[in-house]
Amino acid sequence: MDEYPEKKKAFTGEEEPGDKTKVTSLSGMYRNWFLDYASYVILERAVPDLKDGLKPVQRRIFHSMKELEDGRYNKVANIIGNTMKYHPHGDASIGDALVQMGQKELMVDTQGNWGNVLTGDSAAAPRYIEARLSKFALDIAFNPKTTEWISSYDGRNKEPNHLPVKFPLLLAQGAEGIAVGLSSKILPHNFHELIDASISVLKEEEFEIYPDFLTGGSIDVKAYSAGARGGKVRVRAKIHAEDKKTLVITEIPFGTTTGTLIESIIAANDKGKIKIRKIEDNTAAQVEIVIHLAPNTNPDQMMDALYAFTNCENSISTMCCVIDDNQPIFTDVNNLLRNSVMQTKRLLNSELDIEKHELLEQHLFSSLEKIFIEKRIYHDIEECETWDAVIEAIDKGLEPYKKQFYREITTDDIVRLTEIKIKRISKFDAFKADEMIKNLEEKLEKVQFHLDHLVDYCIDYYKEIKKKYGKGRERKTEIRAFENIEAQTVAIANQRLYVNREEGFAGFGLKKDEFVAECSEIDDMIAFRADGTFMVSKVAEKVFMGQDIIHVDVFKKNDDRTIYNMVYRDGKSGVSFVKRFFVKGVTRDREYDLAQGNPKTKVLYFTANPNGEAEVVTIYLVPRPKLKKLVYDFDFSELAIKGRSSKGNQLTRYMIRKIKLKDEGKSTLGGVKFWFDDEVNRLFTDERGRYLGEFKADEHIVYFLKSGKFRIVRPDVQLHFGDEMLYIRKYDEKMVFTVVYLNAEQEHYVKRFQPENAVDRWMDFVSEEENEELVYFSDDWFPKITLKFNNRKLKNPRDPESIILHEFISIKGYKAKGKKLSRYPLSKIVEEEALPFDNDSIKEKLGIEEAIPVPKPKPEINNDEEPPVEGDGQISLTL
């Protein structure tokens, strides 16, 4: 070897003189290889197929499980091993896919520890868990006669190109996959709703389908767009207040687990966005996450904060991408369902055609056999010496009867006749043969009827699937509209705002300076200066807000109830102006002028009034010759409220010495108007929903729940009313409510009561602890009902009886037991039109001057049950 070997020359892609090395360009090879790889991932791994809704690994698992199917469970390790004959990507991908399908509780019947979709716990090792195809899967996904077969990857076995799935499996299970350059995310839908929608497609009716998740929760589908590319849904956990110090999460949103949800709550608490004392995970078969709140925490505000800052609410984007004829296409769930229904129709038609052909063949051979034996054609072959002579003899014997068959008689048919055993010929029963042929003809007639009425046959097929497998597959995720939660309105005040007026700084880091208010790190603050300008900036540790700060506070965007009263002297003219204004929308860190923009302008008086209060002030003028009135009062209530850019009204052209507060005054804004939106069960102040009224500071609302509780509270947009909302209105101490309830002995009692004015306390007018159930509710002053009796249980039938309830029972307390409606068994209660409010003697007795207007619609009791048939001993009510 040389002591100093030559350095290797750098590769330049150019041939050196005398160098015989061949240089190949990589650009074309890379393009071809990458496209091959991308196509393979898209078609063979990540994206489901339109025809059966399965990815290749899922299809191969099902085929492998069908091969092993004997009615008993198989070890998952064995299923994985058998599937590797068809799937070339190893045992891990097969095992993961099988566990995911098993957790969806539809196609795979599982045994053992398969993990938990609620907690995120993983399944046990494949050698410890077992699986088999569900009866549902065997019914809808397999038929070798209608299956197209292809060779496996190594050519040793046959596998289905597509499974003959007769159900919208892709929409029932959902699918998610990331390929090269595209992805697919199809959300799972409800079993019953898919079947109902499939029937609607066959009937050419309109339909709508929305996602449904095993984890429950609630979903807002306003922007779903049928699951197409660009659509999205919002999902939420179900949270309720156990008491004023405790929140309980009972259902979690899709895509989360109890573990990830708790982690997000702890992270939000650590960042100071929410305040909790501790959190407990009591999840077993059902979700139960208990959140203990910090002292002085509003549970309604905390619910909104959990939705705003944690995984209790998530947004899920949809991407409906599938493979159709070896090409990825983007579509929506409605088209997927229509394709599934059309494929089901084609498959059912093919199955009927196959069945018809098989029945025709059986009928043909049974008829041939009957003729062959009854007409003793077998005697014709006794003298035949060759096989051809035998075939010819039988064919000649059948010649008179060939016209009655649906096709020509072939040599194979004749050969089958020669294979009939002598024993069978000797014991041939013509009567049984005729019965069998008749039975075949009836079956043929039935099959032909189904073919002629294929749509009806498909509808019956779907109904049978729903009847056999629909139990326990009711919707778990509630569809409802969500209100938009602004983070600033629900953020917990985890900081304290301070101000240094001399230096012009404000923030939560100035702990030695003047305290202003509690705030959060995502709040904004507003500062007014003595020169008539103001600025809004984000709360931070220390922010320069300008010299000579006269007022600073936490800024609430779009707040038109905080009214600022101001007197200022214009720097140019010296005239003093007075104005009342509000500040709604502004741009952060931009300086705004409240005066006329002249130098040396000075604010003489300034107040911030959170509820629009208008005070009376005393004006002291600087003495000057011929000025007689040096002191006078000014009432801000006489001044109209305008925008911040208004110039204001002239107060005086003379120099003001000082201004003193004389009377704080009252609000000039009146009460706050509230609306209730029945879709989201929330209060609003922006004319959304049903108008409840205008509320002053000392006025309340009363609302009732279907569980038999009511509550009187101050109206607040942060109030949560839950899913059992029955009735809500402005509280009036004179209003009367009438209820009928069923007690534990199945007796029906009626009572009339006026709610007690106990603010912010739950009151039970029907007791769940004593197994009482609310069956009728009315807010009419003089309600009337008709009782229908269960005459099956009576010796002497009774006619329906009408009862005017205010005559039947007097007004008592809400805790009263009430009065028994009837000693006879009831079958139905029918609400009649209430009596008019025009009886002066009754009004005088009740102390009522005029009727209290009742908001519409009327309250309804709905226990999500079928109404009982008259005479079954149960109560039903028509409202």
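Which residues does T246 touch, once those up to four places away in sequence are not counted? I would like to start there and then step back to the whole chain, keeping in mind throughout that what we have is a predicted model.

With those neighbours in sequence set aside, T246 touches H240 and A241, and it also touches V290, I291, H292 and L293. As for its place in the fold, T246 lies in strand β11, which covers residues 246-251. Is T246 buried or exposed? Its relative accessibility is 10%, and because buried means under 20%, T246 counts as buried.

Now to the protein as a whole. Its secondary structure comes to 18 helices and 49 strands, and 46% of the 879 residues count as buried. If we take the contacts with a separation of 6 or more, 67% of them are accounted for by residues 24 or more positions apart.

On overall dimensions, the radius of gyration is 41 Å, whereas a compact globule of 879 residues would have one near 29 Å. The C-alpha atoms, taken along the principal axes, fill a box of roughly 155 × 125 × 45 Å.

The accessible surface comes to about 47800 Å², and carbon and sulfur atoms contribute 47% of that.

Notes
Residues are numbered from 1 along each chain as its sequence is written. This is a predicted model: local features need pLDDT of at least 70, side-chain atom pairs count only at pLDDT 80 or more; totals for chains, interfaces and linings use all residues. Side-chain values use heavy atoms; hydrogens and water are left out. Helices (H or I, at least four residues) and strands (E, at least two) are DSSP runs, numbered from the N terminus. The radius of gyration is taken over C-alpha atoms; the globule rule is 2.2 Å times the number of residues to the power 0.38. Buried means under 20% relative accessible area, exposed over 50%, partly exposed in between (1.4 Å probe, protein chains only). Contact means heavy atoms within 4.5 Å. Accessible areas come from the Shrake-Rupley method with a 1.4 Å probe; for residues, only the protein chains shown count as cover.
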